[in-house]
Amino acid sequence: MRAFGYTEYGGPEVMHHLEMEDPTPGEGQVLIRLAAAGVNPADIKVRSGLRRNRIEVRFPMPMGREAAGEVLDVGPGVTGLRPGDAVFGSTAAGTGAFAEQVLLSAASTALRPETVSAEQAASLPVSVCTAFDALDELDLPNGATLVVLGAGGGVGTAACGLARDRGLTVLGVASESKRSIVEELGARHVVKGNGWTERVRGLATDGVDGVIDTVGGETLREAAGLIRAVSGAGGAGRGSGRGGAERGPSGPSRSSVLPLRSVADYDLAGQLGGAPVTRRRTSAVYSQVAELVAAGYFTPVVSTVYSFSEAAEAVAAVESGSPVGNVVVTG
């Protein structure tokens with residue numbers, strides 16, 4: 001089968017179109033014919049080797065970690081899915097999404113509603129569901145003020161739209177070129193760059209209630225200083241009731257962590273008193289988010305769709321750091 005990926009860690013030069021054997025689904029796996037695959041900054045980090053201790057890679061490794069398509073076959077132990085089903089989900093461990101046939105983890109695969117396109121569905125597992133998980137962890141009450149750093153990207157646009165639907169006041173920090181999309185999603189646009197914190201303070205004079213970060217570094221450090229002082233440790237989980245007061249045994253107690261979640265700089269987020277986003281890559285969560293899209297509460301921002309032959313260009317677009325919303329490759 002055709003694939004696009006890499007046979008060693010490195011920069012863009014290690015990526016090539018490849019010929020690989022057709023995969024066979026193993027225990028707990030679903031084999032799909034690719035319709036669309038998302039392209040994300042995390043994919044570049046995996047390819048470069050920055051996440052070799054966290055993400056399993058088996059060479060040759062196709063790019064991508066999320067896909068939508070039609071079920072061709074299921075492995076032992078898989079129930080509830082059958083050939084012909086339209087699905088989307090996360091790739092099985094050690095495998096990638098830029099291929100004619102893709103292995104998904106059944107535990108991280110959901111049915112795609114008819115009114116959700118394959119391109120939209122392929123954008124859900126990584127960017128949109130990350131934003132959904134971050135908002136559930138922050139658990140901010142109706143009317144609270146949330147700052148989204150990198151509001152024009154995949155996670156950022158999702159955070160803006162989903163937070164709006166939860167009744168939050170959203171301040172989206174992004175470049176001037178992304179003002180229109182940030183405002184279309186119901187957020188107040190804040191131009192990034194020198195003086196951005198003062199611009200936020202001009203809109204939220206008493207400080208903000210939470211931060212979702214997709215940028216990291218000094219911008220993240222500056223954002224932590226915008227969070228208003230609250231009683232108790234950290235002050236998160238102050239009353240909306242979404243998801244309860246605790247993250248559960250796999251994540252931090254919401255009441256003990258600053259209401260700051262980062263997908264870009266895990267170490268610094270922890271040093272500042274916040275935390276990385278604890279991902280719930282489950283069929284149940286994916287289905288819940290897909291139903292929000294199907295019902296019209298939120299529409300994933302898909303800015304550019306590339307053909308499979310243009311996969312290198314799709315990755316380059318994401319690696320440049322400039323895309324609005326999500327970038328997708330179609331099969």
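**Rings and a sheet**

Mentor: Happy to. Let's start with Tyr286, which is buried, with a relative accessible area of 0%. Keep in mind that this is a predicted model.

Trainee: Okay, which ring does Tyr286 pair with, and how far apart are the centres?

Mentor: Its partner is Phe88, with the ring centres 6.0 Å apart. The planes meet at 25°, so the pair is stacked, since planes under 30 degrees apart count that way.

Trainee: And where do Phe88 and Tyr286 lie?

Mentor: Phe88 is in strand E6 (residues 86–91), while Tyr286 is in helix H9 (residues 283–294). The pair therefore ties together parts that are 198 residues apart in sequence.

Trainee: Is Phe88 buried or exposed?

Mentor: Phe88 counts as buried, because its relative accessibility is 0% and the cut-off for buried is under 20%.

Trainee: How many aromatic pairs does a search of the whole structure find?

Mentor: The search finds 4 aromatic pairs. One of them joins Tyr9 and Phe59, whose ring centres are 5.2 Å apart. Their planes are at 75°, so this pair is edge-to-face.

Trainee: Where in the chain are Tyr9 and Phe59?

Mentor: Tyr9 is in the loop between strand E1 (2–6) and strand E2 (15–19). Phe59 is in the loop between helix H1 (41–48) and strand E4 (61–62), and the two residues are 50 apart. Tyr9 is partly exposed at 23% relative accessible area, and Phe59 is partly exposed at 39%.

Trainee: Which residues do ring pairs link into a cluster?

Mentor: Tyr6, Tyr9 and Phe59.

Trainee: New topic: what is the strand order in the open sheet of 6 strands?

Mentor: The order is E10-E9-E8-E11-E12-E13, and the pairing is parallel. At the edges are strand E10 (188–191) and strand E13 (275–276), each pairing on one side only.

Trainee: How many bridges are there between E9 and E10?

Mentor: Strand E9 (residues 169–174) pairs with E10 over 4 bridges, in the parallel sense. Leu171 stands opposite Arg188 in E10.

Trainee: What about helices, which strands does helix H6 touch?

Mentor: Helix H6 (residues 196–203) packs on the sheet and touches E8, E9 and E10, with its direction at about 150° to that of E10. Helix H4 (residues 154–165) lies across strand E8 (145–149), E9 and strand E11 (210–213), and runs at about 165° to E8.

Trainee: One last thing: which residue lies over the face of Phe132?

Mentor: That's Arg166, at 5.2 Å from the ring centre.

Definitions and conventions:
Residues are numbered from 1 along each chain as its sequence is written. This is a predicted model: local features need pLDDT of at least 70, side-chain atom pairs count only at pLDDT 80 or more; totals for chains, interfaces and linings use all residues. Side-chain values use heavy atoms; hydrogens and water are left out. Two strands pair if DSSP finds at least two bridges between them. Contact means heavy atoms within 4.5 Å. Axes are lines fitted to C-alpha atoms, for helices over the stretch in contact, and angles run from 0 to 180 degrees between N-to-C directions. Rings of Phe, Tyr and Trp (its six-membered ring) pair if their centres lie within 6.5 Å; planes under 30 degrees apart count as stacked, over 60 as edge-to-face and the rest as tilted. Buried means under 20% relative accessible area, exposed over 50%, partly exposed in between (1.4 Å probe, protein chains only). A charge sits over a ring if NZ of Lys or CZ of Arg is within 6 Å of the ring centre and within 35 degrees of the ring normal.
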